[in-house]
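Please consult the sequence and the structure while working through each solution.

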Amino acid sequence: MHLHPALRAARPLPLFTLLAALATAACSKPEEQAPPPPEVSTITAAPETVPLTRQLVGRLSAYRSADVRARVPGILQKRLYEEGTDVTAEQPLFQIDPAPLQAATARAQAELQSARAVQLNAHAAAERARSLAPQKFVSKADLDAAEAAERSGLAAVAQAQASLATAQIDLGYSRVRSPISGRAGKQRVTEGALVGSSDVTLLTTVDQIDPLYVNLTISSADLEALRDEQTSGSLNLSQTRDVTVRVIKADGKPYGHEAKLDFAAMDVDPSSGSVSLRAILPNPERELLPGAFVSVETELGSRAGAYLIPQQAVQRDNDGAFVMVANAQNVVARKDVQVEPRALNGHWVVTGGIEPNDRVIALGLQSARVGEKVTTTAFKAPAGGETRPAGSQAQN
């Protein structure tokens with residue numbers, strides 16, 4: 001059967017012809033473009049001089065602590081202060097029964113008067129003997145005896161005066177006074193008790209808590225390493241009295257006053273291998289109390305040639321701390337670094353492994369791969385400056 005030419009043209013194309021046409025169309029499409037390099041933010045490393053800080057644990061103690069004791073025997077009559085309040089030097093704190101001491105004072109006064117009367121008679125007799133001696137109306141022996149009696153009378157008066165002074169002092173001790181200004185503790189002996197009869201009875205304690213002492217210790221090995229670095233010139237350690245100490249409260253906030261180091265021991269404690277330090281801390285609000293443990297941050301000096309790197313830029317793995325940098329061709333490379341154990345204002349203090357003008361990647365680390373290219377922008381620190389609490393450890 002013969003078909004009309006128009007009908008023959010309308011017949012479907014064979015399958016292989018359709019596939020060939022589709023393949024040709026696919027080959028004619030434009031090639032897909034590779035994705036752009038990931039974007040990262042970098043900070044340009046620049047060496048600078050930074051404070052050398054160490055975080056230690058300290059214990060507070062009173063600047064002065066005085067025991068208030070009964071210095072004379074007697075019955076404790078009453079307490080004259082309120083426990084736990086501030087008292088001033090020479091303020092009366094306790095009253096001991098003064099009656100026996102008043103009687104002793106009166107007896108000493110009478111003995112002084114008697115000694116003075118005897119001394120006056122002896123003096124008069126000696127004067128008569130001295131006036132009659134030139135005329136030989138008295139013998140030399142009588143003159144010597146009269147003058148000896150006069151001297152004995154003077155000595156007896158002096159002795160009586162000393163006894164009276166002792167009795168008056170003891171009478172003054174019947175009112176027990178605070179030896180220093182500070183905060184008085186609780187009463188140790190109740191009223192009606194016999195005190196001071198066989199020993200010096202402790203009545204209470206007064207502590208001066210403004211200022212306070214902050215007692216610290218630092219490892220002798222750490223101190224030796226710091227001194228070695230100072231010898232090499234990379235560190236400048238401050239003099240003892242120039243070292244500042246900042247107390248960190250339990251809520252993580254710094255205490256409102258700075259302490260100054262005032263003492264550093266010259267020997268190492270053999271039991272702990274540490275060196276004792278002590279600082280003086282103002283405490284005008286009486287906010288801190290003796291005996292408490294506190295965290296402190298000490299500024300021991302300064303370190304030259306260090307780099308402050310944002311905390312999130314420093315990572316760690318089994319090989320230690322490292323950073324990622326972008327070179328001049330924007331290719332990522334890894335650099336192992338040495339880092340101080342504590343952060344400073346949201347930055348790690350890097351002491352080695354970085355060169356000046358290295359572009360350290362601070363943001364976009366999850367997209368950066370060693371040996372691959374990136375697109376870089378300048379890093380901008382978030383408002384407030386700190387990216388993590390100071391003192392936290394670097395993480396991957």
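**Exercise 1.** Determine how many bridges join strand S3 to strand S5, and in which sense the two strands run, parallel or antiparallel.

*Solution.* Step 1: in this predicted model, locate strand S3 at residues 74–79 and strand S5 at residues 92–96. Step 2: count the bridges between S3 and S5; there are three, and the strands run antiparallel.

**Exercise 2.** State the order of the strands in the open sheet of four strands, and identify the edge strands.

*Solution.* Step 1: the order is S6-S5-S3-S8, and the pairing is antiparallel. Step 2: S6 (175–177) and S8 (194–195) each pair on one side only, which makes them the edge strands. Step 3: recall the general principle that the strands of a sheet pair through backbone hydrogen bonds.

**Exercise 3.** Describe how strand S18 and strand S19 pair, and what lies between them.

*Solution.* Step 1: S18 covers residues 338–344 and S19 covers residues 347–352; four bridges pair them in the antiparallel sense. Step 2: Val 339 has Val 350 of S19 as its bridge partner. Step 3: two residues separate S18 from S19, and the two strands form a hairpin. In the turn, Asn 345 has a positive phi of about 50°.

**Exercise 4.** Which percentage of the 396 residues is buried?

*Solution.* Step 1: apply the cut-off, by which a buried residue has under 20% relative accessible area. Step 2: buried residues account for 33% of the protein's 396 residues.

Notes
Residues are numbered from 1 along each chain as its sequence is written. This is a predicted model: local features need pLDDT of at least 70, side-chain atom pairs count only at pLDDT 80 or more; totals for chains, interfaces and linings use all residues. Side-chain values use heavy atoms; hydrogens and water are left out. Buried means under 20% relative accessible area, exposed over 50%, partly exposed in between (1.4 Å probe, protein chains only). Two strands pair if DSSP finds at least two bridges between them.
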